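User: Could you take me through this structure, starting with the overall layout and then the charged side chains?

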Amino acid sequence: MTITPDQAKTLSCDDYPRPWEIGQVPVFDPWDDYEDAWYAGPAIVYDEDIAPLVAAAPVMAEQIAGMQWEYGIDRENLQCNHIDQPNGCRLTMWCQSLDSARDGVEIAQQSDPTARIVRRLVGQPEETPQPHLLQSHTGESTNALQRKDPP
């Protein structure tokens, strides 16, 4: 089952305080006297491995609700020389909007009839360390993404 952002926006977990705690609780089962169960927020689950997933539901629903569709043009990568790719190598160029992808795929299909529009759900962009050279406090140039071994 895939949940869309619109569906996630309809889910409300606001009636229960967060974060949802996980704990063990005995539950009466008329067929088996008492059986161990776990609570995850307001839910009772009978599988300990599932309790953390249930407890994470409000946060996951909020994250999904904040996602949006991103559209791209998927086409053959004509500059690719990968011999180990039996179906060739494909390249996806991500666009600002569905309209941009529609315009771009029409142009791409002139040279590649297999070009198509694809989409994916994405969250808000987050800035990451940039791969440009930085000056360290000693004046040395250092790559921001260079792996540093512990002393």
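The conversation below goes through the chain and its charged residues.

User: Before we start, what kind of model is this, and how are residues numbered?
Analyst: This is a predicted model, in which local features need pLDDT of at least 70 and side-chain atom pairs count only at pLDDT 80 or more, while totals for chains, interfaces and linings use all residues. Residues are numbered from 1 along each chain as its sequence is written, and side-chain values use heavy atoms, with hydrogens and water left out.

User: How many helices and strands does the chain have?
Analyst: The chain has four helices and eight strands, where helices (H or I, at least four residues) and strands (E, at least two) are DSSP runs numbered from the N terminus. Along the sequence the pattern reads α-β-β-β-α-α-β-β-α-β-β-β.

User: What share of the residues is buried?
Analyst: Buried residues account for 22% of the 151 residues. Buried means under 20% relative accessible area, exposed over 50%, and partly exposed in between (1.4 Å probe, protein chains only).

User: On to charges: how many salt bridges are there?
Analyst: The count is four salt bridges, a salt bridge being a side-chain nitrogen of Lys or Arg within 4 Å of a carboxyl oxygen of Asp or Glu.

User: Which residues form a network?
Analyst: Asp74, Arg90 and Arg116 are linked in a network of salt bridges. Arginine 90 pairs with aspartate 74, the closest N and O atoms being 2.6 Å apart; arginine 90 is in strand β5 (residues 90-94) and aspartate 74 in strand β4 (residues 68-76). Aspartate 74 also meets arginine 116 at 3.0 Å, N to O. Because aspartate 74 lies in strand β4 and arginine 116 in strand β6, this pair ties together parts that are 42 residues apart in sequence.

User: Is aspartate 74 buried or exposed?
Analyst: Aspartate 74 counts as buried because its relative accessibility is 6%. Arginine 90, at 33%, counts as partly exposed, and arginine 116 is partly exposed at 45%.

User: What about aspartate 99?
Analyst: Aspartate 99 forms a salt bridge with arginine 102, with the closest N and O atoms 3.5 Å apart. The two are three residues apart in helix α4, so about one helical turn separates them.

User: Where does aspartate 112 lie, and which side chain of opposite charge is nearest to it?
Analyst: Aspartate 112 is in the loop between α4 (98-111) and β6 (116-122). Aspartate 112 is buried yet has no salt bridge, and the nearest side chain of opposite charge, arginine 75, is 4.3 Å away. A polar atom of the aspartate 112 side chain lies 2.7 Å from the backbone nitrogen of glutamate 76.

Note on methods
Lys and Arg count as positive and Asp and Glu as negative; His and the chain ends are not counted. A polar contact is a pair of N or O atoms within 3.5 Å; within protein, one must be able to donate a hydrogen and the other to accept it, and residues adjacent in sequence count only if both atoms are side-chain atoms.
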